[in-house]
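Please read them beside the coordinates.

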Amino acid sequence: MTATPAQRKGGARVAVQKFGTFLSGMIMPNIPALIAWGIVTALFIDVGPLPNADLASIVGPTIHYLLPILIAGTGGRMVYDTRGAVVGAFAVMGAIAGSDVLIAAFNEANPPADGGAELGQVHMFIGAMILGPLSAWVMKQLDKLWDGKVKAGFEMLVNMFSAGIVAFLMGLVGFYIVAPVVNWIMSVVGGAVGWLVETGLLPIASLLIEPAKVFFLNNAINHGVLTPLGTTEVAVDGKSILFLLEANPGPGLGLLLAFSIFGVGAARATAPGAAIIQFAGGIHEVYFPYALMKPTLIIALVLGGASGVATNMLLGTGLAGPAAPGSIFAVGAQAALVGVPNLLGVLLSVVIAAGVTFLVAAIILRASRRRDLEREAAGEDALGAAVAQTTANKGRESEHLSNLAGGGAAVGAGASAAAVAAHPIDRIVFACDAGMGSSAMGASVLRSKIKKAGIEGVEVTNIAIANLQPSTADLIVTHRDLTDRAKQRTPDAIHVSVENFMNSPKYDDVVAQVAASRETQAR
């Protein structure tokens with residue numbers, strides 16, 4: 001077994017990873033709202049296939065007010081639960097209003113030349129990511145000051161007015177401080193991206209994005225820059241190429257196909273399964289260890305990513321909203337909203353990105369094949385070491401990466417499925433960090449096994465571990481690294497720990513336990 005290196009503390013890379021993960025935590029729960037907005041925008045604005053001025057009136061208020069408020073509320077909730085969500089949501093209204101006032105004043109002082117356009121609205125996505133968590137943190141610190149010092153009977157009065165005052169003050173901070181700063185940031189970043197598009201140099205962004213993905217630094221770029229800019233483009237054009245810079249599953253697929261044919265040992269054996277998870281499930285991190293086995297393979301990823309971007313630029317294709325996770329199904333759905341020609345162009349970009357990556361990776365793997373076979377014969381676990389390195393890069397354990405390291409055996413953290421249920425097991429939940437991806441696939445596998453066993457009336461779902469409540473489920477399945485967190489939230493449930501969500505032998509035990517609980521109740 002390959003040991004996981006101890007996580008190094010500090011450093012710019014770790015700081016960026018944590019920052020990106022935090023941004024992702026604010027954006028990901030609100031992706032459904034972004035998708036809904038993308039559907040309305042793609043269909044009903046002037047350039048859409050079904051232009052409708054009345055329905056298109058939803059577009060502006062949603063992107064300008066609702067989405068930033070949702071993001072700020074989510075960020076506030078991450079820091080200080082509902083209380084933080086409320087003050088964070090109000091605070092971002094200050095930034096929205098401040099930005100509008102600044103832009104209106106600029107346009108009045110600098111009227112556009114004949115035929116020119118006025119400076120457009122800046123949508124406060126970044127302002128929401130700042131003010132939501134910051135306002136909640138301020139509220140949390142102030143609550144600590146008078147915790148336990150308020151006389152009985154006055155708690156509600158103090159809580160309500162203190163939160164209202166903090167929300168008011170943070171709204172002023174948003175209006176006078178955050179709004180001008182964010183306007184400037186978006187002007188600079190938007191100008192840089194616009195220049196890359198106009199000069200045809202956007203494919204060079206892959207030089208930054210593809211290596212950043214392998215080292216888990218992409219979330220800060222994707223959610224902090226590309227999503228806000230892409231959303232602004234969609235409001236005008238109905239689509240944006242920026243949503244495809246990071247989400248295109250082609251490079252990862254090409255790399256894993258190359259390993260499936262030209263790899264050796266465990267890497268070759270596991271690559272086909274990883275390709276399905278990456279391409280269909282959208283879990284891109286499963287291909288990162290394969291790239292780290294031979295860092296020169298990052299060249300293949302960069303060239304593949306750049307080829308995909310260039311294809312979309314030439315064809316003028318893009319997505320109606322962010323594709324999260326980066327599954328071919330999510331990408332295809334967002335592309336199809338813009339029209340069939342756009343869908344075909346996006347799919348072509350995925351194929352070209354996968355093909356270029358495959359060809360370059362195949363050359364690299366073939367060139368080193370003899371050396372790889374010698375290392376394999378000597379018992380060197382190159383894939384295990386790469387998985388360990390990838391886990392260290394991520395900064396925490398990952399159920400997706402642990403699946404690659406082999407094992408599939410369950411570990412006995414917490415109560416096992418063999419525990420006797422006091423009542424029939426009717427609700428089973430798979431819980432992971434994001435509540436999607438591998439846990440969704442695990443739930444599907446178990447759901448199929450229960451159906452084949454002829455057991456009816458059992459609900460099998462998947463959610464984020466942060467959303468677990470004491471009455472969420474009768475039995476909860478988690479990756480072994482998350483079981484302790486799940487037990488803290490749901491101590492009365494039966495907990496099953498697995499190493500491999502896709503193919504754990506514990507699933508047969510769970511089915512047997514469900515059946516036994518029904519038989520006991522029947523007696």
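1. Helix 14 (residues 328–336) packs on helix 15 (residues 340–367) at an angle of about 150°, and their axes are 8 Å apart. Helix 14 is therefore roughly antiparallel to helix 15. On the terms: helices (H or I, at least four residues) and strands (E, at least two) are DSSP runs, numbered from the N terminus. Axes are lines fitted to C-alpha atoms, for helices over the stretch in contact, and angles run from 0 to 180 degrees between N-to-C directions. Angles under 35 degrees count as roughly parallel, over 145 as roughly antiparallel, 65 to 115 as roughly perpendicular, and the rest as oblique.

2. The model is predicted: local features need pLDDT of at least 70, side-chain atom pairs count only at pLDDT 80 or more, and totals for chains, interfaces and linings use all residues. Residues are numbered from 1 along each chain as its sequence is written, and side-chain values use heavy atoms, with hydrogens and water left out.

3. The crossing of helix 14 past helix 15 is right-handed (left-handed if the near helix is turned anticlockwise from the far one by less than a right angle, right-handed if clockwise). Ile328, Val331, Gly332, Ala335 and Ala336 of helix 14 meet Asn342, Leu343, Val346, Leu347 and Val350 of helix 15, where contact means heavy atoms within 4.5 Å. The residues of this contact comprise 8 nonpolar, 2 polar and no charged. Ala, Val, Leu, Ile, Met, Phe, Trp, Tyr, Cys and Pro count as nonpolar, Asp, Glu, Lys and Arg as charged, and the others, Gly among them, as polar.

4. Helix 13 (residues 297–315) also packs on helix 15, at about 155° and with the axes 8 Å apart. That angle makes helix 13 roughly antiparallel to helix 15. The crossing is right-handed. Residues in the contact include Leu297, Gly304, Gly308 and Leu315 of helix 13, and Gly345, Ile352, Val356 and Leu365 of helix 15. The contact divides into 14 nonpolar, 8 polar and no charged residues.

5. Helix 10 (residues 250–262) packs on helix 13 at about 135°, with axes 9 Å apart. Helix 10 is therefore oblique to helix 13. Helix 10 passes helix 13 in a right-handed crossing. Pro251, Gly252, Leu255 and Phe259 of helix 10 make the contact with Leu297, Leu301, Gly304 and Gly305 of helix 13.

6. Helix 4 (59–109), helix 6 (155–198) and helix 8 (218–237) each supply at least two lining residues; helix 6 gives the most, with 8. The lining divides into 14 nonpolar, 10 polar and 2 charged residues.
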